[in-house]
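These notes are meant for someone opening the model for the first time.

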Amino acid sequence: CTEKHLADFKGRLVLVNLWATWCAPCVEEMPSLDRLQAQLGDKLTILAISEDRQGETAVAPFLAKHDIKHLAIFLDPKSVATGDLGAQGLPTSYLIARDGTIIGKEEGGAQWDSAAMIAKLTPYLDGK
């Protein structure tokens, strides 16, 4: 796996989602995140960062079981991202503007493809 940094995504609207296969709210929200990515395409880059210590051994079967096909999945078995972003628990998501600043944070599970959530994201999708 290639190491990635948030700076690699500069110029894009990014949603970083910290999650794990053992986290019940994470498991519940992953399909809606996958649907959101499919719906929004390149308007939003979702980075789903797994904090599972077992890395791909835990994540690959989970993705297959839950039919997750549209998300960019990254492995962070040492929880570096959680520490760097200051997340208190999982799932935690950060909306990051095109200039790299954090403009939103969602703690706990969310229904990402709901009309209410899409309404919250819409102003940022248009490059504002």
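1. The place of Asp67 is in the loop between α2 and β3, where helices (H or I, at least four residues) and strands (E, at least two) are DSSP runs, numbered from the N terminus. Asp67 has a positive phi of about 55 degrees although it is not a glycine, and with a relative accessible area of 47% it is partly exposed. On this scale buried means under 20% relative accessible area and exposed over 50%, with partly exposed in between (1.4 Å probe, protein chains only).

2. Before going further, note that this is a predicted model, in which local features need pLDDT of at least 70 and side-chain atom pairs count only at pLDDT 80 or more, while totals for chains, interfaces and linings use all residues. Residues are numbered from 1 along each chain as its sequence is written, and side-chain values use heavy atoms, with hydrogens and water left out.

3. Ser79 also deserves a look, as a residue that has a positive phi of about 55 degrees although it is not a glycine. Ser79 is found in the loop between β3 and α3, and at 30% relative accessibility it counts as partly exposed. As background, most residues other than glycine have a negative phi, and most peptide bonds are trans.

4. The peptide bond from Leu90 to Pro91 is cis, with omega near -10 degrees. Leu90 is found in the loop between α3 and β4, and Pro91 is likewise placed in the loop between α3 and β4. At 23% relative accessibility Leu90 counts as partly exposed; not counting residues up to four places away in sequence, Leu90 touches Leu18, Trp19, Ala20, Trp22, Cys23, Cys26, Glu51 and Thr82, contact being defined as heavy atoms within 4.5 Å. The C-alpha atoms of Leu90 and Leu44, which are 46 residues apart along the chain, are separated by 21 Å.

5. Which cysteines form a disulfide? Cys23 and Cys26 do, with their sulfur atoms 2.3 Å apart, and the count comes to one disulfide when the term is taken as a pair of cysteine sulfur atoms within 2.5 Å. The torsion about the S-S bond of Cys23 and Cys26 is about 75 degrees, so the disulfide is right-handed. Cys23 is buried, at a relative accessible area of 5%, and Cys26 is buried too, at 0%.

6. Asp76 lies in the loop between β3 (72-75) and α3 (80-85), and because its relative accessibility is 9%, it counts as buried. Leaving aside neighbours within four places in sequence, Asp76 is in contact with Ile49, Ser50, Glu51, Ala81 and Thr82. From Asp76 to Trp22, 54 residues apart along the chain, the C-alpha separation is 14 Å.

7. The largest nonpolar core has 25 residues, of which Trp19, Met30, Leu36 and Leu44 touch the most other members; such a core is a set of buried Ala, Val, Leu, Ile, Met, Phe, Trp, Tyr and Cys residues joined through side-chain atoms within 4.5 Å. At least two residues of this core are supplied by each of β1 (14-19), α1 (24-40), β2 (45-50), α2 (56-65) and α4, and the largest share, five residues, comes from α1. Apart from this core lies another, of 10 residues, among them Val14, Val16, Ile49 and Tyr94.

8. Met30 is in contact with Asn17, Trp19, Ala48, Phe62, Ile68, Leu71 and Ile73. Leu63, whose place is in helix α2, is buried with a relative accessible area of 17% and is in contact with Trp19, Ile68 and Ile73.

9. Finally, the second largest pocket is lined by 13 residues, of which Leu95, Gly104, Lys105, Lys120 and Leu121 lie nearest its centre. At least two residues of the lining come from each of β4 (92-96), β5 (102-107) and α4 (115-125). A pocket here is an open set of points on a 1 Å grid over the protein atoms alone, where a 1.4 Å probe fits, with protein on both sides within 12 Å along at least five of seven lines, and lining residues have an atom within 4 Å of a point.
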